[in-house]
Amino acid sequence: MTAIATDYEVVIGLEVHCQLKTASKMFCGCNADYAGAEPNTHVCPVCLGMPGVLPVINEKAIEGIVLTGLALNCTIAPFSKFDRKNYPYPDLMKGYQISQYDLPICRDGWLEIEVEGKQRRIGITRVHMEEDTARLLHRVDPVTGEAYSLIDVNRSGTPLMEIVSEPDIRSAAQAREYLVRLRQVLRYIGVSDANMEEGNFRCDANISVRRKGETAFGTKVEIKNMNSFRAVHDALLYEERRQIGVLEAGGKVEQETRGWSDERQMTLSQRSKEHAHDYRYFPEPDLPPLKLGAAFIERVRARLPELPAAKIARYRGLGLSDYEAATLAEERPRAEYFERLMAALSGDDARRAKLAANWMLGEVARWLNANQAEIDRFPLEPEQLAGLIEQVANGTVTALVGKDVFEQMVATGESAEAIIERQGLAQISGADELTGLVRKAIAENPRAVADFHAGKATAIKFLIGQVMRETKGRANAQVVQELLERELQQ
């Protein structure tokens with residue numbers, strides 16, 4: 001498509017549906033872990049929508065949504081209620097969804113994002129609780145060519161949060177970053193796996209455009225069927241261009257729901273956009289209002305960990321770079337390993353942070369990448385790794401030998417001290433031990449000696465390398481260089 005006209009502004013709001021990690025479903029006792037199960041095996045009369053059954057609220061799900069609201073700086077409502085949301089699609093076995101309308105559990109929050117070095121606060125209108133729907137599996141008869149759909153009810157009734165942002169997002173890049181940071185927070189607090197690929201973190205986007213300087217919103221279009229961060233970004237970028245193109249041609253943007261096609265890289269019209277009155281909301285008669293006491297909310301608040309933004313700021317305060325701080329705080333298990341590693345090292349906070357960061361982003365990261373593993377599969381406890389780091393930092397072994405010891409440790413689980421002692425790997429720093437090796441290197445490499453005297457600085461590095469090779473990396477490189485310079489000046 002053509003370039004975006006620069007005198008327009010895009011306005012975006014996101015609706016994120018996120019499944020909570022609970023043992024049972026939202027309103028019944030069915031196992032909520034249905035991944036890989038045979039269709040329609042995690043069901044009961046409640047989630048099948050049988051007549052006369054009564055829902056019961058899952059307390060763990062309420063704890064999860066309250067924890068989410070607190071992490072997103074929301075106000076937690078002491079009084080809320082559930083409502084019936086009526087619509088005709090076949091993925092609701094009851095013919096309605098138990099959701100929340102005018103009195104959600106969480107409201108008026110915010111999430112900070114950073115794009116191109118600029119901070120932006122995205123408002124959170126509400127976080128409300130509902131139940132997920134069944135899955136529709138669309139098929140085509142291979143003989144007749146007729147299309148038909150099957151229903152898998154396993155997902156129906158799974159606890160589902162809807163996180164609705166304010167229309168504060170002004171670009172596709174901001175929308176993607178908002179989703180990345182939102183997912184990070186949800187994973188940090190442990191309420192959801194938040195995987196778009198697995199369908200437990202889903203996003204619908206509302207987008208409109210207007211002339212720059214205008215305050216009234218343009219006509220809103222909803223986009224569905226986006227199953228990755230990239231798809232969200234590309235769909236919003238496409239729709240922004242499409243709507244501007246319509247207006248520039250003198251047309252009118254229609255309010256509708258459109259679906260994103262990855263194959264065609266475009267949005268396609270699906271249906272006219274529903275309004276709230278189309279759902280005929282009314283209070284759920286089978287559930288009492290939800291009253292959350294201060295003691296309950298504070299008990300949940302006590303479970304709130306240090307969140308990524310605060311952790312990154314603290315790491316920067318310890319002297320780590322922006323990249324180091326952001327990478328180490330990206331995932332909670334990695335940050336927890338880093339914290340334990342720092343605690344096991346000696347010295348002041350800045351020293352411990354720098355040593356731990358160097359190894360975490362160096363040897364540990366290389367091992368994890370090579371083994372396609374996450375930090376929870378790393379075979380060394382932080383305290384074991386700290387033992388090796390101290391041996392390198394205090395000069396007991398060289399950095400080169402330390403890398404070899406590291407490989408032996410992850411392969412065997414043996415301690416650094418035991419490997420160093422058994423194999424005699426301690427660093428050689430004595431002039432008496434190294435002088436003979438230095439003189440040998442000089443005698444065997446006359447070309448390098450001539451280059452040194454001719455002023456080539458790299459020549460001495462070559463000679464240092466010869467001594468290091470002779471000692472299998474155990475020689476103290478600084479001492480070797482000093483001895484070489486002395487011998488070469490004679």
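## Lys224

In this predicted model, Lys224 sits in strand 12 (residues 221-226); strands are DSSP runs of E with at least two residues, helices are runs of H or I with at least four, and both are numbered from the N terminus. Lys224 has a relative accessibility of 18% and therefore counts as buried, a term for under 20% relative accessible area, with exposed meaning over 50% and partly exposed in between (1.4 Å probe, protein chains only).

Apart from neighbours within four places in sequence, Lys224 contacts Asp204, Thr257, Arg258, Gly259, Trp260, Gln270 and Arg271. Contact means heavy atoms within 4.5 Å.

## Helix 5

Helix 5 (residues 308-317) has Pro308, Lys311, Ile312 and Tyr315 as its buried residues. These lie on the same side of helix 5 because they cover an arc of only 100° around the axis, taken from the directions from the helix axis to the C-beta atoms. Ala309 and Gly317, on the other side, are exposed.

The buried residues of helix 5 pack against helix 2 (172-188), helix 6 (322-329) and helix 7 (332-344). After helix 5 comes Gly319, with a positive phi near 100°.

## Basis of the values

Residues are numbered from 1 along each chain as its sequence is written. The model is predicted, with local features needing pLDDT of at least 70 and side-chain atom pairs counting only at pLDDT 80 or more, while totals for chains, interfaces and linings use all residues; side-chain values use heavy atoms, leaving out hydrogens and water.
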